[in-house]
Structures are given as C-alpha cells and as structure tokens.
Amino acid sequence: MFRSAVDIQPACLGLYCGRTVLSVNGSVETYGDCGVCPRGQRTDDNKICRECMGSPDRYDWLYLGFMAMLPLVLHWFFIEWYSGKKSSSALLQHVTALFECSVAAIVTLLVSDPVGSLHIRSCRVKKLSDWYTMLYNPSPDYVTTVHCTHEAVYPLYTIVFIYYAFCLVLMMLLRPLLVKKIACGLGKSDRFKSIYAALYCFPILTVLQAVGGGLLYYAFPYIILVLSLVTLAVYMSASEVESFKDLLVRKKRLVVLFSHWLLHAYGIISISKLDKLEQDLPLLALVPAPALFYLVTAKYTEPSRILSEGGNGH
C-alpha cells in the first residue's frame, strides 16, 4: 500500500495534489497515495506534502493588516453615520470598536499555529492560483475527480475568517451594553443602528474574502489609494472645506484628514514594500499632495462661482 522514495511511483496529477510523508527511515521517506495535503502543508516541486515552516513576509503582514482594518473602518463609518450631531457617545463607541478589533487580532494570532505566540508559520504565496486550489482538482479519467483542495497559502486565507468571528463575538458582547448606557441622545430605534449595520457587513466581508481573497491580496494597495482619495474628496466636499481655515474650525476635520493621510501612507508602503528605503521613503512625501491640491483648487471649482461667471459672460 505504501511506497518509498526509491520505488517507481505513478505521476501525481493535479497542480496541488501531493503525497504525504508517512515515515522517515534515515534518508528514505515512505509516502502515501496521491491526494490532498493535510492542513498546514503544501506540495513541493516533487509533489510531496511539506510542512509550512516559513513566516509571513512584509507584504503578507500588510495584507493581513488591510483585512483587519476593514471591519474597523466600517465600524467607525457607521458609528459616525448613525450617532447624530448631538450625540456625545460617538467617541466612546469609536474607542470601543478599536478595542474590539485589536483584541480580536491579538487573540487570532495567539490561537494560530504556533499556539500562544504572536508569530505564525505560513506557506509562501507563489501565484494567484494558490488561493483557489478548489479549481484545480484533476480528473484523470474525465469521470472521477481527485479532490486535492487545501489551503496552499496557509494560513492567510482562513486566519481572516477567524479574525472576523472574534470581531463579531466581541462586538456582540461589548457594544450593546455600552450603547444602551451612553447613547442617551438617540432614540431607542436609532442607538443600535451602527450594530445592525455591522451585522450586515460581516457576512459581506466573509463572502468577499472567500471569493476574492486572492484578488484582494494582489490589489489591496491600489484599492487603499483609490478609496482613500475618493472618500477624502467626498468628505471635504460634503463638509464644504475650501481652505486651510475651514479645516481648523473643527478638530474632527483634522482627525479625518490625518486618518486619510495614514491610509495614503499605508497604500504607498504596500505598493513599494519598502524594499529600497532610500528610494521608497521619499514617496511618503506625496501623502499630503491630494489634500493640498484639493484645497488649492477648491475655490476655482465652486459651482456657484462657475454659474455666476457663466451668467456674467452672457
């Protein structure tokens, strides 16, 4: 039943099918039949399942950081959206959301292999297909399918689901009690709307990771840059910010501006990976450029001014 390394073996078909190592006797390894690799392993060049003993590189950590930020940003958005202008509870809810996501991230790392450590072992991502091994199950006789689906990018795919689960549990444990006590400025039907919105968002985020995890892995730096630019322009336009003086009127506007600058910096760092510090660090000087460009040109694009000048021209 079992085969050794010196035996002649039939080809192991499929891009991600491999043979598990059953025993090692000196330099001779005994393998099982060709099939799916156990969790925490992936195939090497010889179609042998090997333990994932590497560590996530800088880009992998940046990707995990992006996936961890998504629930937090959505929490903050909905808290701000539903808190109301007269509610004094928004700041405490923001802090609570940050606490929930931070604790969820730490607990997720602690329960990941190796358990009890903030370090995780992982397999290196080689190509986009590594995220979608279910699409590469071979059919040798065009009738029987050999199922070799496993997490070739261990644990970058499943660790996000674990993190979302902890975020959801902590939110349900902490936020309703907090909101019930402090959100006195809102009606009974409004004070829990930010929580209801999050309950809608977590299934959406889960499906997004399940279907588009690999695409997000390669595209998230550009997604950050585009979304941060668009949301900053929309916010400044909706808040009628047309000069530096308008920014200084309310501290909240400065907080939003600095938050977008941090997102700009995160996107630039993710694209450059800071492989060459002397070339990549100067790129961070571009972080304030979109906001400065908006403030300089806002007065020339004011709709009322354009309409008045057009009327005077006629």
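The lining of the largest pocket in this predicted model divides into 29 nonpolar, 9 polar and 5 charged residues; here Ala, Val, Leu, Ile, Met, Phe, Trp, Tyr, Cys and Pro count as nonpolar, Asp, Glu, Lys and Arg as charged, and the others, Gly among them, as polar. A pocket is an open set of points on a 1 Å grid over the protein atoms alone, where a 1.4 Å probe fits, with protein on both sides within 12 Å along at least five of seven lines, and lining residues have an atom within 4 Å of a point. The lining comprises 43 residues, of which Trp76, Phe77, Glu80, Val256 and His260 lie nearest the centre of the pocket. Its volume, the space filled by probe spheres set on points joined across faces, edges and corners, is about 2,000 Å³.

The most, 13 residues, is given by α4.

The second largest pocket holds about 280 Å³ of space. Its lining has 10 nonpolar, 2 polar and no charged residues, including Trp61, Met67, Thr108 and Tyr163. At least two lining residues come from each of α1, α2 and α3 (158–182), and α1 provides the largest share, 6 residues.

Residues are numbered from 1 along each chain as its sequence is written, and side-chain values use heavy atoms, with hydrogens and water left out. Local features need pLDDT of at least 70 and side-chain atom pairs count only at pLDDT 80 or more, whereas totals for chains, interfaces and linings use all residues.

How values were computed. Helices (H or I, at least four residues) and strands (E, at least two) are DSSP runs, numbered from the N terminus.
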